[in-house]
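Please read it alongside the sequence and structure shown here.

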Amino acid sequence: MGWRTTFLYVRHQNDSGTHSILYYVYRTDDKLTPIHIPWYLLLAIPCALILLGYMFKRFIIVAIIIFAIFVFFNYHSGLGISTFFESIIDGLKSLF
């Protein structure tokens with residue numbers, strides 16, 4: 001028939017801390033394919049768009065449009081702003 005994708009945010013909290021993993025689940029007619037998305041990738045994409053917009057002044061409008069598409073796609077696929085930031089914050093906490 002078709003395909004549908006979604007984000008799956010798994011978070012586990014115990015005595016040793018909070019552990020979270022973000023997956024992008026790609027579904028076709030007969031199978032599910034989970035793809036692990038590291039937290040630093042969620043941070044790198046918006047930062048790269050901001051950097052490109054800053055480096056190339058003519059690219060600012062295109063960067064804003066690409067960022068809006070990125071946010072819309074993530075929200076439409078089940079990754080809200082709160083989950084987006086929770087994933088990044090949990091990843092940063094695991095560094096320290």
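In this predicted model, Phe 84 is in contact with Leu 42, Pro 46, Phe 70 and Leu 79, once neighbours within four places in sequence are left aside. Phe 84 is one of the buried residues of α3, and it belongs to the largest nonpolar core.

**The nonpolar core**

- The largest nonpolar core has 10 residues: Phe 7, Leu 22, Tyr 24, Ile 37, Trp 39, Leu 42, Phe 70, Leu 79, Phe 84 and Ile 88.
- Two or more residues of this core come from each of β2 (17–27), α1 and α3 (81–95).

**Helix α1**

- Helix α1 covers residues 39–55, which makes 17 residues. From first C-alpha to last it reaches 25 Å, close to the 24 Å expected at 1.5 Å a residue.
- Buried in α1 are Trp 39, Leu 42, Pro 46, Leu 49 and Gly 53. These buried residues line one face of the helix, because they fall within an arc of 135° when seen down its axis.
- An α-helix has 3.6 residues a turn, so residues three or four places apart point the same way.
- Tyr 40 and Tyr 54 are exposed, on the face of α1 turned away from its buried side.

**Helix α2**

- Helix α2 (residues 60–76) has 17 residues, which should span 24 Å at 1.5 Å a residue. Its end C-alpha atoms are 24 Å apart, in agreement with that value.
- The buried residues of α2 are Ala 63, Phe 70 and Asn 74. Seen down the axis, they fall within an arc of 25°, so they line one face of the helix.
- Those buried residues pack against β1 (4–14), α1 and α3.
- The face of α2 turned away from the buried side carries exposed residues: Ile 61, Ile 64, Ile 69, Phe 72, Tyr 75 and His 76.
- After α2 comes Gly 78, which has a positive phi, near 105°.

**Helix α3**

- Helix α3 has 15 residues and reaches 22 Å from its first C-alpha to its last, close to the expected 21 Å.
- Thr 83, Phe 84, Ser 87, Ile 88, Asp 90 and Gly 91 are buried in α3. They line one face of the helix, because their arc, seen down the axis of α3, is within 160°.
- Ile 81 and Lys 93 are exposed on the other side of α3.
- Phe 96 lies in the segment after α3. With a relative accessibility of 84%, over the 50% cut-off, Phe 96 counts as exposed.
- Phe 96 and Arg 58 are 38 residues apart along the chain, and their C-alpha atoms are separated by 38 Å.

**How α1 and α3 pack**

- The two helices, α1 and α3, pack at an angle of about 120°, and their axes are 8 Å apart. Their crossing is left-handed.
- On the α1 side, the contact is made by Trp 39, Leu 42, Leu 43 and Pro 46. On the α3 side, Phe 84, Ser 87, Ile 88, Gly 91, Leu 92 and Leu 95 take part.
- Not counting residues up to four places away in sequence, Ser 87 touches Tyr 9, Leu 22, Trp 39 and Leu 42.

**Arg 11 on strand β1**

- Arg 11 is in strand β1 and counts as partly exposed, because its relative accessibility is 41%.
- Beyond its neighbours within four places in sequence, Arg 11 is in contact with Thr 18, His 19, Ser 20, Glu 86 and Asp 90. One of these, Asp 90, is among the buried residues of α3.
- Arg 11 and Ile 69 are 58 residues apart along the chain, with 26 Å between their C-alpha atoms. Ile 69 is one of the exposed residues of α2.

Key
Residues are numbered from 1 along each chain as its sequence is written. This is a predicted model: local features need pLDDT of at least 70, side-chain atom pairs count only at pLDDT 80 or more; totals for chains, interfaces and linings use all residues. Side-chain values use heavy atoms; hydrogens and water are left out. Helices (H or I, at least four residues) and strands (E, at least two) are DSSP runs, numbered from the N terminus. The expected span of a helix is 1.5 Å times one less than its number of residues. Buried means under 20% relative accessible area, exposed over 50%, partly exposed in between (1.4 Å probe, protein chains only). The arc is that of the directions from the helix axis to the C-beta atoms. A nonpolar core is a set of buried Ala, Val, Leu, Ile, Met, Phe, Trp, Tyr and Cys residues joined through side-chain atoms within 4.5 Å. Contact means heavy atoms within 4.5 Å. Axes are lines fitted to C-alpha atoms, for helices over the stretch in contact, and angles run from 0 to 180 degrees between N-to-C directions. A crossing is left-handed if the near helix is turned anticlockwise from the far one by less than a right angle, and right-handed if clockwise.
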